[in-house]
Amino acid sequence: MRTTILLDDEPRRAIQAHATDRRDREVAGFLVGPQPEKQPDGRYVVTVVDYIPARFTVSRGGSVTLTADSWHYAHVELTRRYPGHLVRLLGWAHTHPGFGIFLSDLDLIIHHAFFRQPWQIAAVVDPIARTGGFFGWDAEMNEVRRDRFVWHWG
């Protein structure tokens, strides 16, 4: 992994609340924080300080789609919350209610298409099992792999 992930309590609770609120379908959102710092060994320290629930998504069966309106809302909300532009979208989060912690083929397509920075991450939360995990780029940026991050629920 190219990243060390630090998750503040407030966004962790916000992600979990969003996930728990809709256990019947997948939901998504955006991970927010300061520009990640590159370390001498090439890793990035990614600090998640906020979570913006995605609005205007399309949920079908076991998938969720971020629409153009979802992206627009995220950027408007980011500007509203942080007018000094001292933060950025670090990645995205979505739920797998009862499915477990993994990135599906569709999830990988989304990550490859929209989260191409070496420090950008994905979080997957299973509100039924009350667990979660992070995924990020490998050192060569060829694959997105699960991080060792331990998700503490509660």
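An open sheet of three strands, ordered 1-4-3 with mixed pairing, is one of the features of this predicted model. An open sheet of six strands, also with mixed pairing, has the order 5-2-8-9-10-11.

- Strand 1 (residues 3-7) and strand 4 (residues 44-48) run parallel and are joined by five bridges.
- Strand 3 pairs with strand 4 in the antiparallel sense, over two bridges.
- Val45 of strand 4 is the bridge partner of Thr4, and Val45 is likewise the bridge partner of Glu37.
- The covered face of strand 1 consists of Thr3, Ile5 and Leu7, whereas Thr4 and Leu6 form its uncovered face.

- Strand 9 (residues 121-126) and strand 10 (residues 131-137) run antiparallel and are joined by six bridges.
- Within that pairing, Asp126 has Thr131 of strand 10 as its bridge partner.

**Helix 1**

- Helix 1 spans residues 9-21, and its 13 residues reach 18 Å from the first C-alpha to the last, close to the 18 Å expected at 1.5 Å a residue.
- Pro11, Arg12, Ile15, Gln16, His18 and Ala19 are the buried residues of helix 1. Viewed down the helix axis, the buried residues of helix 1 fall within an arc of 160°, so they line one face of the helix.
- An α-helix has 3.6 residues a turn, so residues three or four places apart point the same way.
- Glu10 and Asp21 are exposed on the other side of helix 1.
- The cover over the buried residues of helix 1 includes strand 1, strand 2, strand 4, strand 5, strand 8 and strand 9.

**Helix 2**

- Helix 2 (residues 68-81) has 14 residues and reaches 20 Å between its first and last C-alpha, close to the 20 Å expected at 1.5 Å a residue.
- Its buried residues are Ser70, Trp71, Tyr73, Ala74, Glu77 and Leu78. Seen down the axis of helix 2, these buried residues fall within an arc of 160°, so they line one face of the helix.
- On the other side of helix 2, the exposed residues are Ala68, His72 and Arg80.
- Strand 2 (28-33), strand 5 (50-53), strand 8 (88-95) and helix 3 (105-114) are included in what covers the buried residues of helix 2.
- Helix 2 lies across strand 2, strand 5 and strand 8, and runs at about 140° to strand 5.

**Helix 3**

- Helix 3 lies across strand 8, strand 9, strand 10 and strand 11.
- The angle at which helix 3 runs to strand 8 is about 175°.

**Asp147**

- Asp147 is located in the segment after strand 11.
- The relative accessibility of Asp147 is 12%, so this residue counts as buried, the cut-off being under 20%.
- Asp147 and Leu6 are 141 residues apart along the chain, and their C-alpha atoms are separated by 12 Å. Leu6 belongs to the uncovered face of strand 1.

**Chain as a whole**

- A compact globule of 154 residues would have a radius of gyration near 15 Å, and the 14 Å of the chain agrees with this.
- The C-alpha trace spans about 45 × 35 × 30 Å along its principal axes.
- Of the 154 residues in the chain, 48% are buried.
- Among contacts in the chain with a separation of 6 or more, 65% are between residues 24 or more positions apart.

Definitions and conventions:
Residues are numbered from 1 along each chain as its sequence is written. This is a predicted model: local features need pLDDT of at least 70, side-chain atom pairs count only at pLDDT 80 or more; totals for chains, interfaces and linings use all residues. Side-chain values use heavy atoms; hydrogens and water are left out. Helices (H or I, at least four residues) and strands (E, at least two) are DSSP runs, numbered from the N terminus. The expected span of a helix is 1.5 Å times one less than its number of residues. Buried means under 20% relative accessible area, exposed over 50%, partly exposed in between (1.4 Å probe, protein chains only). The arc is that of the directions from the helix axis to the C-beta atoms. Contact means heavy atoms within 4.5 Å. Two strands pair if DSSP finds at least two bridges between them. Axes are lines fitted to C-alpha atoms, for helices over the stretch in contact, and angles run from 0 to 180 degrees between N-to-C directions. The radius of gyration is taken over C-alpha atoms; the globule rule is 2.2 Å times the number of residues to the power 0.38.
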